[in-house]
Amino acid sequence: MERSPLRRRARGHALAACTATVAVGVLALAGLTGTASADPASTAPTPAAGSAQLSPGLLKAMQRDLGLTASEARGRIANEARATAVTAGLRYSLGDDFAGARVSGDAGNLTVATTDASDAARITKAGARAEIVDHSLAELDAAKAALDAVALRTAPKDIPAWYVDVRRNRVVVQAGRASAADAFLARAGVSRDLVTVARSAGQPRTFTDLRGGDAYYMNGSGRCSIGFPVKRGTQGGFVSAGHCGTPGVSTSGYNQQAQGSFQGSTFPGRDYSWVATNTNWTPRPLVNGYGNGDVTVTGSTEAIEGSSVCRSGSTTGWHCGTVQQRNSSVTYQEGTVSGVTRTNVCAEPGDSGGSFISGSQAQGVTSGGTGNCSQGGVTYFQPLNPALQAYGLTLVTNGSTTPPDPTDPPTDPGGSWAAGTTYAAGDVVTYGSASYRCLQGHQAQPGWTPPNVPALWQAL
């Protein structure tokens with residue numbers, strides 16, 4: 001539905017009022033206790049005095065793979081958290097004009113694209129660089145969805161991957177042959193005006209039978225990795241890649257002791273699963289740090305394009321890179337998987353199912369890719385939040401690192417909102433006597449009450 005200019009202007013004023021507040025809040029929620037600049041237009045690095053909470057292993061991997069010092073790695077995580085908060089507000093403010101966002105450099109320089117040149121002043125005021133493009137993100141997402149629909153019926157031949165590239169303002173289709181790309185686009189009814197075809201001879205495969213974070217075994221033989229510990233009510237378990245097992249398949253842990261069984265699994269189409277474990281296994285909010293200190297998980301806020309991201313895998317240990325494109329599709333031998341995130345983090349067989357994390361925020365589980373950690377490559381991960389939503393799961397986090405906001409009411413005001421619940425954009429909740437609509441998918445944490453986080457919730 002088209003918005004009137006007055007409504008858009010009102011949203012712009014609301015954005016200016018909340019940007020600085022949300023930036024500070026997101027730093028704390030990401031496990032950092034530094035303070036963000038009160039000036040939303042500031043591009044100075046954000047102090048991160050509390051970032052010593054970050055895993056030494058993660059910081060070490062970022063230093064090695066991104067060429068950073070430990071201080072620069074902490075600062076980058078803090079700056080990217082602030083950019084994510086500003087993007088959430090601008091995405092709502094710009095509405096149908098929004099054409100994507102990305103960060104660059106250690107300072108977290110934010111670029112926000114729009115199809116309407118009159119939005120440039122609003123973007124600049126929020127502290128980002130404005131970019132005027134031809135196609136909105138919604139238009140590109142719709143084109144990609146049409147390709148996904150065709151691929152889910154029959155996986156395309158000689159088309160290893162396709163994704164929305166906000167930097168190019170195009171849907172990129174990788175193809176072994178130009179004719180294969182033409183046929184794929186024709187079947188989906190997608191205009192070439194929206195698409196860039198990139199020649200690629202890559203053959204993505206799933207990293208199926210070895211571990212990522214902690215190892216587990218399927219029916220006593222094949223091996224995969226725990227992604228993130230979760231709970232479903234009082235039942236403990238974990239999420240992993242869908243291609244690792246089907247419902248009913250039993251699992252044993254890294255010590256070959258009985259562990260549990262697959263309760264749900266989706267592959268291809270998506271690539272996620274969840275395993276319910278017996279009472280001998282206690283879910284912890286940790287990712288294996290491989291001798292460098294385990295990483296504590298505090299939430300699952302999705303990082304935007306350009307953000308740093310690290311992967312924990314048993315074959316290759318810690319490796320880091322950046323988020324390339326979030327809305328990607330990839331064709332494996334078994335079929336097409338859509339909605340995965342494309343990264344330049346390397347991985348090898350045995351890293352499948354392992355944890356992708358940005359700072360202290362869980363991102364997803366390793367799906368598959370191309371290349372290796374000697375020569376580099378591309379790895380796709382299945383975002384975590386859709387898996388949590390699909391199976392009604394709650395991510396296990398360390399609540400002590402995200403204390404309740406001191407402005408929260410001293411008593412529970414009632415309503416349907418609840419910490420620990422995963423919300424999707426568009427969900428409506430009540431808090432006290434007011435109703436709110438979710439603006440950005442996330443898992444609610446203590447202190448993230450709708451009145452206190454306007455970048456995530458809109459009052460109705």
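## Helix 2 and helix 3

Helix 2 and helix 3 are roughly perpendicular to each other, because angles of 65 to 115 degrees fall in that class and the two pack at about 100°. The model is a predicted one. Helix 2 covers residues 56-66 and helix 3 covers residues 70-94, with 9 Å between their axes.

On the helix 2 side, the contact is made by Leu58, Leu59, Met62, Gln63 and Leu66. Their counterparts in helix 3 are Ala70, Ala73, Arg74, Arg76 and Ile77. Sorted by class, the contact between the two helices has seven nonpolar residues, two charged residues and one polar residue.

## Disulfides: overall pattern

Searching the whole structure gives three disulfides. With bonded cysteines counted along the chain, the pairing is 1-2, 3-4, 5-6.

## Cysteine 224 and cysteine 244

The sulfur atoms of cysteine 224 and cysteine 244 lie 2.0 Å apart, and the two residues form a disulfide. The torsion about this S-S bond is about -85°, so the link of cysteine 224 and cysteine 244 is left-handed. Cysteine 224 belongs to strand 9 (residues 222-225), while cysteine 244 sits in the loop between strand 11 (235-240) and strand 12 (250-253), so the bond ties together parts that are 20 residues apart in sequence. Both cysteine 224 and cysteine 244 are buried.

## Cysteine 310 and cysteine 320

Cysteine 310 is joined to cysteine 320 by a disulfide with an S to S distance of 2.1 Å. The S-S torsion of cysteine 310 and cysteine 320 is about 105°, so this disulfide is right-handed. Cysteine 310 is in strand 17 (residues 308-313) and cysteine 320 is in strand 18 (residues 317-332), so the pair ties together parts that are 10 residues apart in sequence. Cysteine 310 and cysteine 320 are both buried.

## Cysteine 346 and cysteine 373

Cysteine 346 and cysteine 373 form a disulfide, with 2.0 Å between their sulfur atoms. The link of cysteine 346 and cysteine 373 is right-handed, with 95° about the S-S bond. Each partner is in a loop: cysteine 346 between strand 19 (335-343) and strand 20 (355-358), and cysteine 373 between strand 21 (361-372) and strand 22 (376-383), so the pair ties together parts that are 27 residues apart in sequence.

Are cysteine 346 and cysteine 373 buried or partly exposed? Cysteine 346 has 9% relative accessibility and therefore counts as buried. Cysteine 373, at 23%, counts as partly exposed. The cut-off behind this is that buried means under 20% relative accessible area.

## Other buried cysteine

Cysteine 438 has a relative accessible area of 2% and is buried.

Threonine 379 is part of strand 22. Its relative accessibility is 0%, so threonine 379 counts as buried. The C-alpha atom of threonine 379 is 6.3 Å from that of asparagine 344, and these two residues are 35 residues apart along the chain.

Helix 7 spans residues 384-391, and its buried residues include Leu384, Asn385, Ala387, Leu388 and Tyr391. These residues cover an arc of only 160° around the axis, which puts them on the same side of helix 7. An α-helix has 3.6 residues a turn, so residues three or four places apart point the same way. Just after helix 7 comes glycine 392, with a positive phi of about 65°.

Notes
Residues numbered from 1 in each chain as written. Predicted model: local features only at pLDDT ≥ 70, side-chain atom pairs only at ≥ 80, totals over all residues. Heavy atoms only, no water. Disulfide = S-S within 2.5 Å. Helix = DSSP H or I, 4+ residues; strand = E, 2+ residues; numbered from the N terminus. Buried < 20%, exposed > 50% of the residue type's maximum accessible area, 1.4 Å probe, protein only. Axes fitted to C-alpha atoms, helices over the stretch in contact; angles between N-to-C directions. Parallel < 35°, antiparallel > 145°, perpendicular 65-115°, else oblique. Contact = heavy atoms within 4.5 Å. Nonpolar A, V, L, I, M, F, W, Y, C, P; charged D, E, K, R; others polar. Arc of directions from axis to C-beta.
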